[in-house]
Amino acid sequence: MASKMRLGEILVSEGLVSENDIESALRLQKNSGKRLGDILVGQGLVTYDEMLHAVKNQLNVPLVDLDEVHIRQETLSLMPERLARKYEALPIRVDNGQLTVAMSDPSNYFAIEDIRMATGYVVRPAISSREKVLRSIEKHYGTEKAKNAAESFRRAATTRSTMVRTAEGNSTDAPVVRFIDTVLENAVMNKASDIHIEPGEKELRVRYRIDGFLEEMLRTDMGIHEPVVSRIKIMSNLNISEKRVPQDGRFLYRNGSSSIDMRVSIVPGIYGEKMVIRLLGRDDSLLDLNSLGFTELERESIGRMIRRPYGMVLLCGPTGSGKTTTLYSFMKEVNDSRKNIVTIEDPVEYNLEGINQMQVNNRVGFTFATGLRSILRQDPDIVLVGEVRDDETAEISVRAALTGHLVFSTIHTNNAAATITRLRDMGIEEFLLSSTIAGVISQRLVRRVCQVCSKKTPATEVEKKLLSVTGDILLSRAEGCPVCGMKGYKGREAVFEVMEVGEEIRNLIASGASDMEIEKHSRAAGMRTLRESCLAKVFEGTTTMEELIRTTY
């Protein structure tokens, strides 16, 4: 009988509201048509969290965080989308002939009966917040929605005029517009860093990069490819008629209250133009230096580097290792109204208030080198150069650091010490390097092992040898569960190698010392290598031996 209790009765039973409060709210509900819970929250009588826990306690149902649950496609297919939206309910899993369904209102007995009749399963209700239920419905039924939009387009685009009209997106109801909106929305919900839209001989493939690995979202008919490319070009202010050369652009995508910068790269291929869209969130918390994972000693070392009056601080690592995020966290840390901070980037990835940002435009000859020369005539205190790509940029950057400017930049090298050799190869003399380099930071991203399903098991003899331990030790193993999507990993974390250039390292650089000598003395001064940083996370149980080997061996 408990499952037939209504929300008002539950809240009164829990002592959160009075019967008079419920009667007053019900009268308002008749006139407004709003949900009872929304009215009570609006009146300040109860919070959504209090309602969730009250229903959980009274009905003895589990509380589910849908943001942390992976749902199999076969489970989703048990309930039609129509029912999911009607009752704000989502099937989670099937156990022993029972279907667990997350609901915003598990006291809705009629909804439970309707779902039971439609699915043929005994329904075991669970409770989740209405916001998360609705968001999860959009997320999990979104792939099907994108496929339906693509199929609608295929049926509608029977004439050339239909295709052109749809590509131009004159109507927000156009199937191609719905397709793109769904792909973008799902990417944001799945916390993807990149969207790959790839034409094939017969099919168009859409993949997301999640936690560093590409995962296929859907395949659909190639007929939608050209209008999708045209639509995204229009959104990014690109040349819709140019299909022979690569193009780069960007647009702003709004998802509820948040805004995401979408950086677009389009290149021609044998089956048509391939697109990669990088998602760059505007969350300032991502740029907090204290949240990046540096140790206390590393933070102190970095603090000394980035607060010098002049010099050069370099970030190194492969593409997608988080260099730009770390670099921007430095900029945010030193941002001061008394300083003129100027950047030249390709492209500008985050917009920071109070900082003058410029974007490279190779088509008109505005390169890193030419832009950097112009910046130095703008009376800067701090300069950010997106990347040291060539000898000319390297030379101007070093000269800028030598003449009283603090320069931040990135460079592609394998570790901190190897950066010195790379700059030597670019023609920078040792005495200039020793005078200007304040520090080099190398970084990688490793996947965090899922804290729900990971298991600790004894290390094998091979693993002990790699870890340089002799006794017994337990290591975390990636298993896979619904929370992590059966991958065993959820989220990523950075590992760092922070090389501060002190007097001894300066002398080594000036004398032409090798990478190995510089690294040896840096380690003696307290620097942790990338491998040692990752090892610490293996011992903590944050990541696994597999990730250690993948990223640092």
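Predicted model: local features only at pLDDT ≥ 70, side-chain atom pairs only at ≥ 80, totals over all residues.
User: Why is Asp194 with Arg278 called a salt bridge?

Analyst: The term requires a side-chain nitrogen of Lys or Arg within 4 Å of a carboxyl oxygen of Asp or Glu. In this pair the closest N and O atoms are 2.9 Å apart, so the pair meets the definition. The structure holds 34 salt bridges.

User: How many bridges join E7 to E8, and how many join E8 to E9?

Analyst: E7 and E8 have nine bridges in the antiparallel sense, and Phe251 has Met262 in E8 as its bridge partner. These two strands form a hairpin with two residues between them, and Gly256 in the turn has a positive phi of about 65°. E8 and E9 have ten bridges, also antiparallel, with Pro268 partnered by Glu273 in E9. A hairpin through two residues joins E8 to E9.

User: Why are E6 and E7 called edge strands?

Analyst: The six strands form an open sheet in the order E6-E5-E4-E9-E8-E7, with antiparallel pairing. Strand E6 (213–221) and strand E7 (247–255) each have a single partner strand, so one side of each is left without a neighbour in the sheet. The twist averages 20° from one strand to the next. Angles run from 0 to 180 degrees between N-to-C directions, and axes are lines fitted to C-alpha atoms, for helices over the stretch in contact.

User: Which helices touch this sheet?

Analyst: Contact means heavy atoms within 4.5 Å. Helix H11 (residues 175–189) lies across E4, E5, E6, E7, strand E8 (258–269) and strand E9 (272–281), at about 75° to E7. Helix H12 (residues 225–235) touches E4, E5, E7, E8 and E9, and its direction makes about 45° with that of E9.

User: What makes a space a cavity rather than a pocket?

Analyst: On a 1 Å grid over the protein atoms alone, a cavity is a set of points where a 1.4 Å probe fits but cannot get out; a pocket is an open set with protein on both sides within 12 Å along at least five of seven lines. Lining residues have an atom within 4 Å of a point. Grid points are joined across faces, edges and corners, and a volume is the space filled by probe spheres set on the points.

User: What class of residue lines the largest cavity?

Analyst: Nonpolar means Ala, Val, Leu, Ile, Met, Phe, Trp, Tyr, Cys and Pro; Asp, Glu, Lys and Arg are charged, and the others, Gly among them, are polar. The lining has eight nonpolar, no polar and no charged residues: Phe179, Ile180, Val183, Leu184, Ile197, Val228, Ile232 and Ile277. H11 and H12 are the elements that give two or more of them, and H11 gives the most, with four.

User: How does the lining of the second largest pocket divide by class?

Analyst: That lining has nine nonpolar, eight polar and eight charged residues. The volume of the second largest pocket is about 620 Å³. Of its 25 lining residues, the closest to the centre are Leu7, Arg35, Gly37, Ser104 and Asp105. H4 gives the most to the lining, with four residues.

Conventions. Residues numbered from 1 in each chain as written. Heavy atoms only, no water. Pairing = 2+ DSSP bridges.
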